[in-house]
Protein chains: 2
Amino acid sequence: MAKLQKSIDKRNALIKATIELVNNDGFHAAPMSKIAKTANVSPATIYLYFDNKQDLVNKTYIEVKAVYTKYAFETYDKNMSVEKGFELIWKRIADFKIKESDNAMFLAQCDNTPMIDEPSRKEGIKHLQSLLDLWERGKKEQIIKPISDYLLYAYSINPLSFLMMVQNRDAFQLNDTHIQEAYQAAWDSIKL
Amino acid sequence: MAKLQKSIDKRNALIKATIELVNNDGFHAAPMSKIAKTANVSPATIYLYFDNKQDLVNKTYIEVKAVYTKYAFETYDKNMSVEKGFELIWKRIADFKIKESDNAMFLAQCDNTPMIDEPSRKEGIKHLQSLLDLWERGKKEQIIKPISDYLLYAYSINPLSFLMMVQNRDAFQLNDTHIQEAYQAAWDSIKL
DNA sequence: AAAAAAAGAATGAACGTTCATTTTTATATA
DNA sequence: TATATAAAAATGAACGTTCATTCTTTTTTT
């Protein structure tokens, strides 16, 4: 596959179509022909931009993950206090899951199925380094619990996935009070 | 599909094969022919027990969910204190995710993709009524926070999914200390 | 010997991917 | 600036394969 100068538009349309169709029907019901049609492109054109279906999905995943991370750390600054930094990042993540729910739903699906290959999965994790650094600092300053990063992640960040998923499937509507309560629960579970 | 008197064994083998293959490769890479072969059965035989592939997956989901719920509430008794009841249920769920990790992984995949149809999903949720009842009681007795059940679930039960998923993919090995820390974080996040 | 259960082979549809061709764009020449 | 030409980008149709499902026959059970 050669470098293409033109039509980043088409590539974007393909990524967008992939997210949309995988969200609606799942990987197994998102055929290349349908992805092409949704992106207003010939099936053959997909192969000018991606090696094959697996490659398309991998690259979509990595790209969405990058958008997610950028969004999450947008308002964060390394000089902030640990508590303030955590609050900002947490609330940005919540924001992302509400406002960019298509992207968030796609990530949730990728993170819970064998649909993405291991190298791409590893690539996607890298972006969270800033959060790990923050926790490291928090542990040093004895502000957050001296426990594994997995536990910290599980109890402070991951519940958001479930919360937002529920929002999409049920009548439960999230409002500012819910968000504040959820943030409080998150902080409570990791602070010393 | 008629009622079959015989060979519950074959049905079980099919359910087991479905779980195994979906776990390894995902729904999209678990063809009926492969499921049949894994279960040591002819492809045609599947259709004596299930209407079609969707039906097979739906019923597998409902069955695994039932096993999960039975396991979770095995040691629970309605006359226990709210705190003790919660601890028992929580630890049984953790136990299930460690000891029956195949079942747990399958459920995680089903709960995060459009692979299961909505009626079956609804069916699967019903089983958690006992937990909702416990929380109801906890709120009345002013022992746990007066917040939405979704939030309670997200912060106390759901993080376990992530934790166990990590265990399967990384070097991170769960031990009793982790479990105790995690339980404490769970209880901290919901108790008043 | 009849009925139920299971099997393997067969079927049409749908899939990912490639091929042969056309359309568009960029470059060179006058 | 206008025209010719080469390269790049994009296409629709076609390919071989694999899929879910069904059909016909065989085996097992009653």
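I count a residue as near a molecule or strand if its C-beta atom, placed from the backbone, lies within 6 Å of it. I take helices (H or I, at least four residues) and strands (E, at least two) as DSSP runs, numbered from the N terminus.

**Ground rules.** This is a predicted model, in which local features need pLDDT of at least 70 and side-chain atom pairs count only at pLDDT 80 or more, while totals for chains, interfaces and linings use all residues. Residues are numbered from 1 along each chain as its sequence is written, and chains are lettered from A and ligands numbered from 1 in the order in which they are written.

**DNA strand D.** I looked up what surrounds DNA strand D and found 20 residues, the closest being Ser7(A), Ala44(A), Thr45(A), Pro31(B) and Asn52(B). Two or more residues each come from helix H3 (43-49) of chain A, and from helix H2 (32-38) and helix H3 (43-49) of chain B. H3(A) gives the largest share of this surface, four residues. I sorted the surface by class (Ala, Val, Leu, Ile, Met, Phe, Trp, Tyr, Cys and Pro nonpolar; Asp, Glu, Lys and Arg charged; the others, Gly among them, polar). For DNA strand D I noted 11 nonpolar, six polar and three charged residues.

**DNA strand C.** Around DNA strand C I again listed 20 residues, of which Pro31(A), Ala44(A), Asn52(A), Ser7(B) and Ala44(B) come nearest. Here helix H2 (32-38) and H3 of chain A, together with H3 of chain B, each give two or more residues. The largest share, four residues, is that of H3(B). By class I recorded 11 nonpolar, six polar and three charged residues near DNA strand C.

**Chain A against chain B.** I call two residues in contact if their C-beta atoms, placed from the backbone, lie within 7 Å. On that basis 30 residues of chain A touch 30 residues of chain B. On the chain A side, helices H1 (8-25), H6 (101-111), H9 (149-156), H10 (159-169) and H11 (176-190) give two or more residues each. H11(A) supplies the largest share, six residues. That side of chain A holds 17 nonpolar, 10 polar and three charged residues.

**Domains of chain A.** I used bounds from an automatic or database domain assignment. For chain A the assignment gives domain 1 (1-50) and domain 2 (52-190). Their centres, taken over C-alpha atoms, are 26 Å apart. The contact takes 11 residues from domain 1 of chain A and 15 from domain 2 of chain A. On the domain 1 side, H1(A) brings the largest share, seven residues. I classed that side as eight nonpolar, two polar and one charged.
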